[in-house]
Amino acid sequence: MPGTPPTRFVYLGPEGTFAEQALRTVSAADRGSRTPARSVGEALEAVRAGDADAALVPLENSIGGAVGVTLDELAEGAPLVITREVVLPVEFVLGARPGTPLDAIHTVAAHPQASTQCRGWLREWLPDATVVDVLSNGAAASGAASGEYDAAICAPVGAVRHRLEVVADKIADHADAVTRFVLVSRPGPPPPPTGDDVTSLAVYIAHDRVGALLSVLMELAVRGVNLTRIESRPTGEALGRYVFFLDCTGHVADVRLGEALQGLRRVCADVRFLGSYPRHRWLDGSTDRPIPAPAGLSDTDYADAAAWLARLRTGHLT
């Protein structure tokens with residue numbers, strides 16, 4: 001984490017959501033203050049204004065895809081950087097007030113994305129129930145606890161916080177669904193490279209030039225930098241104008257990624273650096289295995305080539 005370790009955290013609220021659950025996996029946040037925000041924009045503005053040291057917000061879901069509002073907020077306004085990612089399994093439960101049987105549930109509160117991910121379970125077990133859209137998983141749990149709804153689809157932490165009885169657990173249609181959250185802070189030196197890192201960028205291409213996007217991808221490919229994610233979002237300037245969000249393997253301190261960034265700076269209309277940070281590590285210590293660089297394009301190969309060129313420039317030909 002750049003500079004002084006953060007002690008004031010903000011997250012996409014309300015309480016009892018997956019965002020709070022994800023933030024609690026960050027050891028510094030467990031010791032510091034945790035404040036829910038009403039929106040992604042509010043959470044990130046708190047960091048920009050200095051009212052919080054870091055914000056945890058959702059970036060993408062393995063079922064629903066990218067969280068557009070987070071990408072838009074990172075691309076606009078005063079720069080912010082990602083310092084950590086947290087990948088959290090999405091395990092929905094059906095919670096209700098204690099003693100509520102399944103056949104007494106006629107209304108179910110759920111965030112639209114939650115009900116979408118549990119559509120199959122609802123169709124099989126509660127085909128006649130009315131699903132009511134609410135603003136968050138936390139709001140769903142709160143509504144069920146107050147008696148406004150018979151039950152709620154929510155995160156396990158939400159059921160615990162609102163003292164709901166778990167009528168059914170693991171009700172998501174995709175048991176392996178995950179949400180990727182990112183911890184965002186004001187700009188500063190990135191965490192040191194670990195050898196298994198991710199670098200995130202927002203890239204603006206020259207829209208009036210043929211092959212502009214291809215030239216961006218080539219700057220990465222020719223240096224053996226693996227592109228793990230690409231998303232496009234409209235810039236709001238005009239129809240057909242997009243900013244591209246890239247995740248690639250490597251760290252800004254790596255020679256080959258550094259050269260790729262220089263190349264992008266030369267060929268792009270603009271490049272916003274969104275951070276270099278360690279790849280998510282699961283509780284058992286494992287990570288997704290990084291794809292090795294092709295022969296001749298590893299960090300060792302780059303260091304060897306740089307040393308060779310330095311010798312040539314000083315007159316040493318061996």
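Here is a walk through this structure, from the whole chain down to a few helices and strands. Keep in mind that what you're looking at is a predicted model.

Let's start with the big picture. The protein has 318 residues, and 45% of them are buried. Taken along the principal axes, the C-alpha atoms fill a box of roughly 85 × 45 × 40 Å. If you take the contacts between residues at least 6 apart in sequence, 76% of them join residues at least 24 apart.

Now zoom in on helix H3, residues 40-48. How many of its residues are buried? The count is 7 of 9, so to speak a mostly covered helix. The buried ones are Val40, Gly41, Ala43, Leu44, Ala46, Val47 and Arg48. And what covers them? The cover includes strands S1 (8-12), S2 (33-37), S3 (54-61) and S11 (178-185), along with helix H4. Just past the end of H3, Gly50 takes a positive phi of about 85°.

Two packed helices are described by the angle between their axes and the distance between the axes. Here the axes of H3 and H4 come within 9 Å and cross at roughly 30°. Angles under 35 degrees count as roughly parallel, and therefore H3 and H4 are roughly parallel to each other. The crossing of H3 past H4 is right-handed. On the H3 side, the contact is made by Val40, Gly41, Leu44 and Arg48, and on the H4 side by Val69, Thr70, Glu73 and Leu74. Sorted by type, the residues of this contact come out as 4 nonpolar, 2 polar and 2 charged. As for spacing along a helix, an α-helix has 3.6 residues a turn, so residues three or four places apart point the same way.

If you want a spot to check in your viewer, Ser232 stands opposite Phe244 in S14.

Finally, take a look at strand S6, residues 93-96. Is S6 covered on one face or on both faces? Both faces are covered, with Val93 and Gly95 buried on one side and Leu94 and Ala96 buried on the other. S6 pairs with strand S10 (residues 165-169) in the antiparallel sense over 4 bridges, and there Leu94 has Ala168 as its bridge partner. S6 also runs antiparallel to strand S9 (residues 151-154), again with 4 bridges joining the two. In that pairing, Ala96 stands opposite Ala151.

Technical notes
Residues numbered from 1 in each chain as written. Predicted model: local features only at pLDDT ≥ 70, side-chain atom pairs only at ≥ 80, totals over all residues. Heavy atoms only, no water. Axes fitted to C-alpha atoms, helices over the stretch in contact; angles between N-to-C directions. Parallel < 35°, antiparallel > 145°, perpendicular 65-115°, else oblique. Left-handed = near helix turned anticlockwise from the far one by under 90°. Contact = heavy atoms within 4.5 Å. Nonpolar A, V, L, I, M, F, W, Y, C, P; charged D, E, K, R; others polar. Buried < 20%, exposed > 50% of the residue type's maximum accessible area, 1.4 Å probe, protein only. Pairing = 2+ DSSP bridges.
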